[in-house]
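Thanks for coming. Please bring the sequence and the structure up on the screen, and I will talk through them.

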Amino acid sequence: MAERPQISGSLFKRLTAILIFGSMLLSIVLFFVVREFAARIAQAGQDSILEASVSSIIDAAVIRDGRVEVDFPYASFSMLDTDQNDRVFYAIRQDGQLLSGYKVIPQTDRLRTDSAFFETRILAQSKFRIASAQRVLIGSQRSTTVSVYVAQTQDSLSQTLKQISLNVGALCLVFFTFTAILSYIAALATVRPLSRLASSVQRRSGEDLRPFKQPVPSEMVPLVSSLNSLMNRLDQTLTRSEDFIAEAAHRVRTPLATVRSYAETTLQRVTKSENRNALKAMMRAVDESSRAAGQLLDHAMITFRADHLDKQQVDLSGIVEDLATSLAPIAEMKDLKIVLRTDGPVHVEGDPILLQNAFRNVLDNALKYAPFETEVTIQVTDSPRPTVTISDLGAGFPNDEIQALTKRFRRGKNAKNSIGSGLGLTIAQDVALAHGGSVALTNGKSGGACVTFYL
Amino acid sequence: MKFLLVEDNLELAKAISNRLQVDGHVVDHVGKISEAIDYFASYEYDLVLLDVMLPDGDGRTFLKHQRTQNDGTPVIVLTARSQVSDRISMLDLGADDYVTKPFDHAELEARCRAVLRRKSNDRQTTKQFGNVEFNSIEGRLSVGGKTVNLRNRELRLLEVFLNAPGQIFSKQKLVDRLFSYDEDVSENAVEVYVGRLRKHLSGSPLMITTLRGLGYRLDYG
């Protein structure tokens with residue numbers, strides 16, 4: 001299994017979070033700006049009515065007989081009528097002295113004659129908007145200044161403002177929802193080419209090293225091109241080493257085959273025992289080295305394949321049957337009978353090539369160690385778990401070595417007369433382990449080695 | 001039997017040919033696919049031994065060609081590779097079996113016999129001597145209508161004798177033919193198999209004669 005890379009958050013989550021946070025901020029700012037703007041407009045509305053009221057009162061002020069008279073119309077106050085029944089106070093002062101109205105309205109020194117002055121104050125526990133203006137009246141003896149204050153509570157205004165805030169809030173919420181959805185989609189669209197690349201690489205089998213050809217966004221081009229060049233290099237290396245192994249095997253085995261054939265032919269003609277022994281030693285050496293080479297290659301292949309296990313549905317009985325057929329001629333040379341006991345197809349998830357190789361190695365051993373004219377039994381059972389048992393009627397495993405035997409390059413003590421590098425059982429065990437199973441070595445009751453694969 | 005050996009390594013080809021000739025077979029040797037196709041078109045063969053890597057192509061090319069000719073001659077592939085996948089692809093393309101180089105000739109012989117047993121018909125492979133019928137492919141011997149299936153060593157021993165009736169075989173020679181070199185057997189082990197053959201052949205015109213100090217000889221008549 002490849003090492004799992006360390007994870008530093010998710011691009012998608014990060015992007016979504018940033019975009020949603022941004023749209024939230026934007027919505028809040030929008031809310032306050034729109035509400036402030038609406039509040040100003042509403043305030044300006046109230047102010048203009050108050051100003052009209054103030055000016056209608058101040059316009060009514062005249063000096064008659066040296067005294068100031070203010071006979072303002074009813075409309076001066078009726079125009080201030082609101083649906084919230086806002087309270088209205090007024091004060092008319094002459095040179096600071098209250099002429100009429102309410103004392104609670106404080107004086108201000110920022111009175112102007114050309115337009116009204118506005119301020120907001122708390123009077124008698126309520127918030128009031130006060131408009132004020134002054135006018136200089138010129139009488140016969142002297143001139144005098146009349147100032148008018150009109151104050152109105154803001155119940156109606158705040159009611160309006162509340163309504164506006166509610167509407168603006170709803171609008172901003174809709175805006176936020178919309179932008180959040182957009183952010184999600186945008187993040188998804190940005191990350192999609194990445195995840196598509198990842199899943200397309202993941203879907204490939206271990207041997208598929210073709211370059212990635214689908215179009216990608218320009219930002220991903222460096223990643224994809226370095227991925228492609230890495231795969232290209234890997235492919236070349238693999239092909240080269242596969243070719244190399246095949247070529248090496250060919251180069252080594254062909255001359256070995258020549259030596260073996262000549263030795264065998266010569267052995268038929270030679271009678272002197274020392275020459276014969278030399279020839280036999282030669283043949284043994286050839287067999288040993290070729291078998292060792294073969295098993296080393298097999299072992300290398302198994303180590304490689306076990307990393308990228310090509311799992312598919314396989315029938316153990318079918319594999320074993322094919323194997324028995326292909327090894328039958330070898331069995332025949334010793335008049336061995338391969339007895340196959342299966343209860344129908346036994347399906348497991350596995351790599352057929354690895355399984356076949358493992359069974360072949362064990363069956364090879366069994367055929368090698370079994371005495372002439374005996375039986376080698378292969379049993380395939382389905383329950384309680386898929387099991388393949390291969391047993392012979394030879395000398396069996398040495399009892400004291402049974403555990404150590406599956407270690408690499410270890411051969412049993414009593415194997416002196418047979419050829420083998422000792423990798424066979426190691427291969428069998430590696431394959432079983434790669435499939436999550438195990439191999440058990442036992443000796444039969446009446447002698448004979450018995451190898452059981454639990455898969 | 002007549003073999004077509006397709007192998008580009010001259011030394012190996014010579015060694016294999018020699019070994020097959022010891023067993024009394026006839027071997028034609030070619031070193032290229034193109035030659036193999038020519039020979040194959042001109043002569044009849046019992047068996048083709050085919051190397052995988054050849055100078056003018058892959059052994060697979062020959063297999064494909066042969067299968068398009070609808071020819072049923074058995075092909076045994078000689079491969080130097082040991083990867084199972086390679087072997088499987090050869091069998092898929094119509095090779096009947098394969099042996100991995102270097103190979104034991106006894107194994108090659110056993111595989112040839114197994115392939116021929118699957119492929120050829122009975123009559124061509126049965127030899128007749130008086131009331132004796134011998135099918136070496138099936139390993140079947142019948143004397144006066146009574147049929148026995150020979151054990152592998154009995155079969156091989158009888159083949160050795162029948163290939164050269166009247167020739168004297170020393171015990172040592174017979175040991176070499178019957179036993180693998182790494183089997184530790186004395187020359188007397190041959191006596192057991194000669195004894196068994198004699199029993200099977202009793203009542204027939206075939207007789208195995210013991211020549212003291214020299215060996216054995218098959219006499220007919």
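Predicted model: local features only at pLDDT ≥ 70, side-chain atom pairs only at ≥ 80, totals over all residues.

For the complex, the predictor reports an ipTM of 0.79 and a pTM of 0.62. The average pLDDT of chain B is 85, and 92% of its residues reach at least 70. Where in chain B is confidence lowest? That is helix α4 of chain B, residues 84-92, with a mean of 60. At the other end, strand β2 of chain B, residues 26-30, has the highest value there, 93. Where pLDDT is low, the coordinates should not be read in detail.

Now chain A. There are 455 residues in this chain, and 41% of them count as buried. The secondary structure of chain A consists of eight helices and 14 strands. Its accessible surface is about 25700 Å², and carbon and sulfur atoms account for 57% of that. Of the contacts in chain A with a separation of 6 or more, 64% are between residues 24 or more positions apart.

Look next at helix α1 of chain A, residues 11-59. It has 49 residues, so at 1.5 Å a residue it should span 72 Å, and its end C-alpha atoms are 71 Å apart, which agrees. The N-terminal end of α1(A) is capped by A:S10, which places a side-chain oxygen 3.2 Å from the backbone nitrogen of A:F12.

On to the cores. Which residues have the most contacts inside the largest nonpolar core? They are A:L316, A:L355, A:F359, A:V388 and A:F453, in a core of 42 residues. Several elements of chain A supply at least two residues each, among them α5 (273-307), α6 (316-333), β12 (387-391) and β14 (449-454). The biggest contributor is α7(A), with nine residues. To see one position in detail, take A:V388: leaving out residues up to four places away in sequence, its contacts include A:L316, A:V320, A:F359, A:I378 and A:F453.

A second, separate core has 28 residues, including B:V143, B:L158, B:A189 and B:L206.

That brings me to chain B as a whole. Of its 221 residues, 51% count as buried. Chain B has eight helices and 14 strands. The chain exposes about 9900 Å², with 46% supplied by carbon and sulfur atoms. For contacts in chain B between residues at least 6 apart in sequence, 54% link residues at least 24 apart.

That is my tour; I will take questions now.

Terms used
Residues numbered from 1 in each chain as written. Chains lettered and ligands numbered in written order. Heavy atoms only, no water. Helix = DSSP H or I, 4+ residues; strand = E, 2+ residues; numbered from the N terminus. Expected span 1.5 Å × (residues − 1). Polar contact = N/O pair within 3.5 Å; in protein donor to acceptor, adjacent residues only side chain to side chain. Buried < 20%, exposed > 50% of the residue type's maximum accessible area, 1.4 Å probe, protein only. Contact = heavy atoms within 4.5 Å. Areas by Shrake-Rupley, 256 points an atom, 1.4 Å probe, with all protein chains shown as cover. Core = buried A, V, L, I, M, F, W, Y, C linked by side-chain atoms within 4.5 Å. pLDDT = per-residue confidence, 0-100.
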